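Hi,

Here is the structure I said I'd pass on. Have a look at it first, and then read on for what turned up.

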Amino acid sequence: MYSNPYQRQESALEQQLSQFLGALSPPRTVISCTANDIVKFLTPKDKSGRTEVHSSSCPRASCTCPKRLGARSADSLMGCLRAIFNNLDVFMILTQSLIPL
C-alpha cells in the first residue's frame, strides 16, 4: 500500500493523531485542531523517549533523570506532522497560530 517506511510512519502517525483528537472534548479533526491540541498530542510521545537528559547533579549510578525523545526522533516526528498538515493544506493555519503577535 505504501511504498516506503516514511509513508507508513506518516500514515500511522496520522491515524494516532486522528484517534487522539477524536477523544478530546469536544472532538476535533486534524483540520480543526489547534496548536494546543498538537502540544497535548506530542507531550506523552516526548516522555516515552529513550534518551536520558541528565541534570548536573546526577549521580549516574542510580540515575532517575527523565527520558525524552532524541533530537533525530523528534525531528522525524515533526517532519511527519508537517507532511500530514501540508497534505491537508492546513500547515499555514497552524504555523500562524504558533507565531506570537
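One term before anything else: a crossing is called right-handed if the near helix is turned clockwise from the far one by less than a right angle, and left-handed if the turn is anticlockwise. Also keep in mind that this is a predicted model.

The axes of the two come within 12 Å, at an angle of roughly 150°. Anything over 145 degrees counts as roughly antiparallel, so that is the label for H2 and H3. On the H2 side the contact uses Ile38, Phe41, Leu42 and Lys45, and on the H3 side Leu77, Met78, Leu81 and Phe85. By class that makes seven nonpolar residues, one charged and no polar ones.

The remaining pair is H1 with H2. Here the axes cross at roughly 115° and come within 11 Å, and the crossing is again right-handed. H1 brings Leu13, Gln16, Leu17, Phe20 and Leu21 to the contact, and H2 brings Asp37, Ile38, Lys40, Phe41 and Lys45. Six of the residues in this contact are nonpolar, one is polar and three are charged.

You'll have noticed some names coming back. Which residues touch the most other members of the largest nonpolar core? They are Leu13, Leu17, Ile38, Leu81 and Phe85, out of 14 residues in that core. H1, H2 and H3 are the elements that give two or more residues to the core, and H3 has the largest share, with five. As background, nonpolar side chains in soluble globular proteins tend to be buried together.

Ignoring neighbours within four places in sequence, leucine 17 is in contact with Val30, Ile38, Phe41, Leu81 and Phe85.

Now for the loops. Between H1 and H2 you'll find leucine 24. Is leucine 24 buried or exposed? Its relative accessible area is 16%, and under 20% counts as buried, so leucine 24 is buried. Leucine 24 and aspartate 37 are 13 residues apart in sequence, with their C-alpha atoms 8.8 Å apart in space.

Last stop: arginine 60, in the loop between strand S1 (51-52) and strand S2 (67-68). Its phi is near 65°, which is a positive value in a residue other than glycine. With 53% relative accessibility, and over 50% counting as exposed, arginine 60 is therefore exposed.

Enjoy looking around!

Notes: Residues are numbered from 1 along each chain as its sequence is written. This is a predicted model: local features need pLDDT of at least 70, side-chain atom pairs count only at pLDDT 80 or more; totals for chains, interfaces and linings use all residues. Side-chain values use heavy atoms; hydrogens and water are left out. Helices (H or I, at least four residues) and strands (E, at least two) are DSSP runs, numbered from the N terminus. Buried means under 20% relative accessible area, exposed over 50%, partly exposed in between (1.4 Å probe, protein chains only). Axes are lines fitted to C-alpha atoms, for helices over the stretch in contact, and angles run from 0 to 180 degrees between N-to-C directions. Contact means heavy atoms within 4.5 Å. Ala, Val, Leu, Ile, Met, Phe, Trp, Tyr, Cys and Pro count as nonpolar, Asp, Glu, Lys and Arg as charged, and the others, Gly among them, as polar. A nonpolar core is a set of buried Ala, Val, Leu, Ile, Met, Phe, Trp, Tyr and Cys residues joined through side-chain atoms within 4.5 Å. Angles under 35 degrees count as roughly parallel, over 145 as roughly antiparallel, 65 to 115 as roughly perpendicular and the rest as oblique.
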